[in-house]
Structures are given as structure tokens and as C-alpha cells.
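These are my notebook entries on a single structure. I set down what I looked up, entry by entry.

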Amino acid sequence: MDKNQFRLGNLIGFDDYSDVTFEIIELTSEHLTGAGGKNDTWINAYVSIVPIPITNEWLEKFGFVPQNESSHLRYLGQSYSQCIQLNHTDETTYHLYICSKVEDQEVFLGTINYVHELQNLYFSLTGEEILK
């Protein structure tokens, strides 16, 4: 995986421990350090990263509310005028929209598959971490 798509705080898995969620606590040009499991810390090369697929469980943890069987919504900020909408298209892919409830508009941004991508997008839009 491209190391430039990761930042501190991203949640990932490692190939030997894909059932454990790790939080990135250090990034270097050669490797990253993840903390997870039973207070374990692992230093691994970027090639050993296993991205975590977005699931309904993750969307709920991140504050997304189901709209129907295939759509989840999370408002941005306190005004409830803008939101992120994810529409499940297949087993691992979501279509991503930014919505304006005031103007009743949606803008399609692309597709998204993994938890770290959603974390990075949310941070880019709000300047805040999605898990707080």
C-alpha cells in the first residue's frame, strides 16, 4: 500500500494480525508503528498493512445513521445542514456523497472502501477526528 495515504491515528490491520485493529502511532519513511490488541505495539513495513473494510459496525462507531438498507448518513458540525452520505454498492464499496440539506443537493465524490480512507476524508472536511 502507498505509505502516503496514512496518517497518525488511522486504524489498520497487519497481515499476521488481521483480526486485531491497530492505531498508527508513528510513521517513518521505512515503517510504521501501530498500537493495538492487549496494549501491544508493532513495528511493520508498509507492505504488511491490511486495510480494514468499512462495515455497518464501523459506520455506527463513527456516528453514521442508517437511512435505509444501503445508505448511511453523518452530519458535519452542529448545524445539520451538511452531511456525508455513504451508499453501499457492493460487498466492499461505498459511493461517497457530500450533501447540503439546505439546498437539497448531493455531490458525488467517488468511491471509498476502507476505514482509514473514511478517517482521512472526515478529517480533511472537518479538521476533527471521526472517533472522539
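**Entry 1. Strand pairing.** I began with β9 and β10, which pair in the antiparallel sense over 7 bridges. For pairing I required that DSSP find at least two bridges between two strands. Strands are DSSP runs of E with at least two residues, helices are runs of H or I with at least four, and both are numbered from the N terminus. Within this pair, L96 stands opposite G110 in β10. The two strands form a hairpin with 4 residues between them, and D104 in the turn has a positive phi of about 55 degrees.

I record here that the model is predicted: local features need pLDDT of at least 70, side-chain atom pairs count only at pLDDT 80 or more, and totals for chains, interfaces and linings use all residues. Residues are numbered from 1 along each chain as its sequence is written, and side-chain values use heavy atoms, with hydrogens and water left out.

On the β8 side, I found β8 and β9 antiparallel and joined by 7 bridges. They too form a hairpin, with 5 residues between them. I noted I84 opposite I98 in β9.

I then looked up the burial of β9: 6 of its 7 residues are buried. Buried means under 20% relative accessible area, exposed over 50%, and partly exposed in between (1.4 Å probe, protein chains only).

**Entry 2. Helix α2.** The 12 residues of α2 should span 16 Å, and the end C-alpha atoms are 16 Å apart, which agrees. The helix is followed by G127, whose phi is positive, near 75 degrees.

Which residues of α2 are buried? I list V115, H116, L118, Q119, N120, L121 and Y122. These buried residues pack against β1, α1, β7 (71-75), β8 (82-88), β9 (94-100) and β10 (105-112).

**Entry 3. Nonpolar cores.** I searched for sets of buried Ala, Val, Leu, Ile, Met, Phe, Trp, Tyr and Cys residues joined through side-chain atoms within 4.5 Å, each set being a nonpolar core. The largest has 19 residues, of which F64, I84, L86 and L118 touch the most other members. At least two residues of this core come from each of α1, β8, β9 and α2. The largest share, 4 residues, comes from α2.

Leaving aside neighbours within four places in sequence, F64 is in contact (heavy atoms within 4.5 Å) with L59, H72, L73, R74, I84, L86, L118 and I130.

**Entry 4. Salt bridges.** I counted a salt bridge where a side-chain nitrogen of Lys or Arg lies within 4 Å of a carboxyl oxygen of Asp or Glu. The search of the whole structure finds 2.

One joins the side chains of R7 and E129 at 3.0 Å, N to O. R7 lies in the segment before β1 (11-14) and E129 in the segment after α2 (115-126), so the pair ties together parts that are 122 residues apart in sequence. R7 counts as buried at 19% relative accessibility, whereas E129 is partly exposed at 24%.

E57 and K61 also meet in a salt bridge, at 3.7 Å, N to O. Both lie in helix α1 (residues 56-61), 4 residues apart, about one turn of the helix. E57 is exposed, with a relative accessible area of 53%, and K61 is partly exposed, at 46%.

**Entry 5. Cysteines.** How many disulfides does a search of the whole structure find? I found 0, taking a disulfide as a pair of cysteine sulfur atoms within 2.5 Å. C83 is in no disulfide, and the nearest cysteine sulfur, that of C99, is 3.5 Å away. C99 is likewise in no disulfide. Both cysteines are buried: C83 has a relative accessible area of 0% and C99 one of 2%.

Entry 6. E69 is exposed, with a relative accessible area of 81%. E69 and N87 are 18 residues apart in sequence and 9.1 Å apart in space, C-alpha to C-alpha.

Conventions:
Expected span 1.5 Å × (residues − 1).
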